[in-house]
Amino acid sequence: MRFDVPAWVLEIVRALKAAGGKAFVVGGPVRDLLLGRVVSDWDIATDLVPDCVVALFPKVVPTGLKHGTVTIVGDAGKAEVTTFRREGPYADGRHPDAVEFVRDIEIDLARRDFTVNAIAYDPESDELRDPYDGQSDITARLIRAVGAARDRFREDGLRPMRAVRFAATLGFEIEAATLAAIPEAIETTRKVAVERIRDELLKMLGASRMARWIEVMRKSGLLAVALPELLAARGIAGKPHHAGDLYDQRVAICEAIPGPARLRLVALVLDSPGAAFIRLAMSGADRRFAETLVQHHDSLHLGDLTDGAIRRIIASVSRANVEALLAMRRADFTTRADGPVLVSAFDTLATRVRRLAAEAWPDRPSGLALRGDDLIASLGLYSGPEVGVILRALHAAVLDDPALNTRDALLAIVRREFFPKNSEK
Ligand code: ATP
Ligand code: MG
């Protein structure tokens with residue numbers, strides 16, 4: 001065998017064939033095997049109908065039954081098995097009006113988006129089926145539509161986004177006619193569900209060299225659909241010390257952030273993180289992450305910051321987001337004209353931030369060594385808003401000096417600061 005296909009995947013292929021079907025590894029994994037990349041998802045195509053596939057394996061999840069896809073759960077991993085299909089006409093630019101199961105792998109390969117994704121491999125016979133010469137495009141490192149790009153993009157407006165995503169993540173170029181077909185497909189792309197666009201956008205943003213692909217998206221009109229919030233930063237004066245306008249600066253900072261994609265996205269939409277994350281139907285947790293980082297990203301500055309001030313910043317963004325905050329700030333400094341000097345100063349600060357974040361101190365008043373009910377009982381107070389005021393003041397004191405976080409020390413502070421008359425007695 002020319003490729004290293006895991007035994008459990010081979011077993012699935014064998015089982016499909018033993019039931020009288022045809023079976024191939026297809027699409028992404030074949031492309032990645034030819035590129036020598038690690039395969040993450042195994043996709044298998046067969047002419048057996050889904051009901052038949054379901055009956056063959058003990059653990060099957062009907063992930064996309066009506067499109068002919070089921071997931072086979074094995075001990076060593078999962079594989080998606082999809083029945084060969086032909087897609088009917090696309091009236092809406094998003095979904096084929098009907099899918100029809102077929103017996104011929106070549107018909108199935110014809111519906112696939114790019115030549116590099118339209119190769120099938122039979123691991124038993126070691127045979128490759130490559131009717132669109134995807135292997136040549138893999139060698140030339142080109143993303144080329146299967147068939148006429150204009151028609152294929154008009155069928156499904158997500159494909160232009162996928163072209164950019166694959167080019168960015170694989171380090172390929174987009175073949176000229178395929179690239180030229182993007183601008184006229186934009187109206188179709190507008191009809192595509194935002195979640196599908198978002199998923200491609202995030203995968204694209206995860207590519208180490210994404211900046212030039214943002215430019216490709218801008219010039220072809222895709223950026224206006226996928227991320228208008230970033231487009232709005234064009235022509236707006238940027239911050240001093242950075243080259244270019246606000247748009248240029250954000251794209252440069254984005255690429256300088258090591259990852260993850262969600263954080264890179266935050267760096268692109270600093271004016272309206274909440275609105276952009278809502279429009280892209282990101283989760284509530286992602287939205288809060290974005291808003292928190294944007295709110296506090298300027299607070300970590302190179303001026304004098306006391307340990308207390310740093311703990312306050314850590315508490316505000318929460319410890320879980322400290323690395324994200326540091327990565328975003330560092331990227332800001334590395335892309336400045338006067339960056340190199342500042343980056344080493346920032347790295348010193350970052351070491352201090354990490355050390356303080358690793359220490360045990362309460363992030364919130366509820367983590368104090370003195371609890372509200374204890375405070376009320378010990379000092380004979382009435383419960384009321386004052387209790388919250390006192391606890392927040394104690395928390396502020398503890399952020400400046402965590403050694404104060406003992407019950408006795410905190411009670412002493414309350415007596416001294418809030419009830420001086422009583423404690424004199
Ligand atoms: P990845 O490694 O990112 O998963 P992939 O090639 O497996 O890459 P998927 O999005 O998982 O990409 O799609 C699996 C396969 O299905 C593709 O290789 C392609 O052949 C086909 N495909 C997926 N989406 C489309 C589409 N919108 N139009 C045409 N074919 C598509
Ligand atoms: Mg895949």
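How far does a backbone N or O atom of Gly28 lie from an oxygen atom of ligand 1? The distance is 3.4 Å, which falls under the cut-off for a polar contact (a pair of N or O atoms within 3.5 Å).

This is a predicted model, in which local features need pLDDT of at least 70 and side-chain atom pairs count only at pLDDT 80 or more, while totals for chains, interfaces and linings use all residues. Residues are numbered from 1 along each chain as its sequence is written, chains are lettered from A and ligands numbered from 1 in the order in which they are written, and side-chain values use heavy atoms, with hydrogens and water left out.

| Protein atom | Ligand 1 atom | Distance |
|---|---|---|
| Gly28, backbone N or O | oxygen | 3.4 Å |
| Arg112, polar side-chain atom | oxygen | 3.1 Å |
| Asp156, side-chain N or O | nitrogen | 2.9 Å |

Taken alone, ligand 1 exposes 580 Å², of which the protein buries 78%; these accessible areas come from the Shrake-Rupley method with a 1.4 Å probe.

The shell around ligand 1 holds 14 residues, the closest being Arg31, Asp156, Arg159, Arg162 and Arg165, where a residue belongs if one of its heavy atoms lies within 4 Å of the ligand. By class, one of these residues is nonpolar, three are polar and 10 are charged, with Asp, Glu, Lys and Arg counted as charged and Gly among the polar residues. Because domain 1 (7–132) and domain 2 (142–258) both give residues to the shell, ligand 1 lies between them, the domain bounds coming from an automatic or database assignment.

Two backbone features remain to be described. Most residues other than glycine have a negative phi, and most peptide bonds are trans. Asp133, in the loop between β9 (127–129) and α5 (134–140), has a positive phi of about 55° although it is not a glycine. A cis peptide bond, with omega about -10°, joins Gly259 and Pro260, and Pro260 is placed in the loop between α14 (246–256) and α15 (261–268).

Terms used
Polar contact = N/O pair within 3.5 Å; in protein donor to acceptor, adjacent residues only side chain to side chain. Helix = DSSP H or I, 4+ residues; strand = E, 2+ residues; numbered from the N terminus.
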